[in-house]
Amino acid sequence: MPYATTWDEFAETAQALFLAHPSRTRHSWKYRGKDGVLVLKVTNDVKTVKYRTTSRTELRRLEDLTGWMMERMTAEGVNDEELSAAPPRA
């Protein structure tokens, strides 16, 4: 599984995965307290992207990306143009 080297790369790839297969894409995260490492993972069972960070400031970015995905997962009657609008801020 490839690790993205920057947050922007991870967020763009995660959004592309979601927009390509919204019903099959899921994300998860795992925190290892011993190391202080947060690992984020987005997959659609065909392609996977991961991102590793120790920065607490990136938690806000994770919150924005999660909100963006959840908003689109729970919206009823949303067309493709609305799905691709307003990606989370970097």
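Two strands are taken to pair if DSSP finds at least two bridges between them. In this predicted model, three strands joined in this way form an open sheet in the order E1-E2-E3, and the pairing is antiparallel. E1 and strand E3 (48-53) stand at the edges of the sheet, each with a single partner strand, so one side of each is left without a neighbour in the sheet. With direction ignored, neighbouring strands of the sheet are turned by 15° against each other on average.

E1 and E2 form a hairpin, with four residues between them. Within the turn of this hairpin, glycine 36 has a positive phi of about 70°.

The helices were examined next. Helix H1 (residues 7-20) lies across E2 and E3, and H1 runs at about 150° to E3. Two packed helices are described by the angle between their axes and the distance between the axes. The axes of H1 and helix H2 (residues 58-74) come within 12 Å and cross at roughly 10°. Angles under 35 degrees count as roughly parallel, and H1 is therefore roughly parallel to H2. On the side of H1, the contact is made by Trp7, Phe10, Ala14, Gln15, Phe18 and Leu19. H2 contributes Glu58, Arg61, Leu62, Leu65, Trp68, Met69, Arg72 and Met73. By class, the residues of the contact of H1 with H2 comprise ten nonpolar, one polar and three charged.

Rolling a probe the size of a water molecule over the atoms shows where empty space is left. A search of the whole structure finds one cavity of 30 Å³ or more, and about 30 Å³ of space lies in the largest cavity. The lining of the largest cavity consists of Phe10, His27, Ser28, Trp29, Leu40, Lys41, Val42, Leu62 and Leu65. Strand E1 (26-32), strand E2 (37-43) and H2 are the elements that give two or more residues to this lining. Six nonpolar, two polar and one charged residues make up the lining by class.

Key. Residues are numbered from 1 along each chain as its sequence is written. This is a predicted model: local features need pLDDT of at least 70, side-chain atom pairs count only at pLDDT 80 or more; totals for chains, interfaces and linings use all residues. Side-chain values use heavy atoms; hydrogens and water are left out. Axes are lines fitted to C-alpha atoms, for helices over the stretch in contact, and angles run from 0 to 180 degrees between N-to-C directions. Angles under 35 degrees count as roughly parallel, over 145 as roughly antiparallel, 65 to 115 as roughly perpendicular and the rest as oblique. Contact means heavy atoms within 4.5 Å. Ala, Val, Leu, Ile, Met, Phe, Trp, Tyr, Cys and Pro count as nonpolar, Asp, Glu, Lys and Arg as charged, and the others, Gly among them, as polar. On a 1 Å grid over the protein atoms alone, a cavity is a set of points where a 1.4 Å probe fits but cannot get out, and a pocket is an open set with protein on both sides within 12 Å along at least five of seven lines; lining residues have an atom within 4 Å of a point. Grid points are joined across faces, edges and corners, and a volume is the space filled by probe spheres set on the points.
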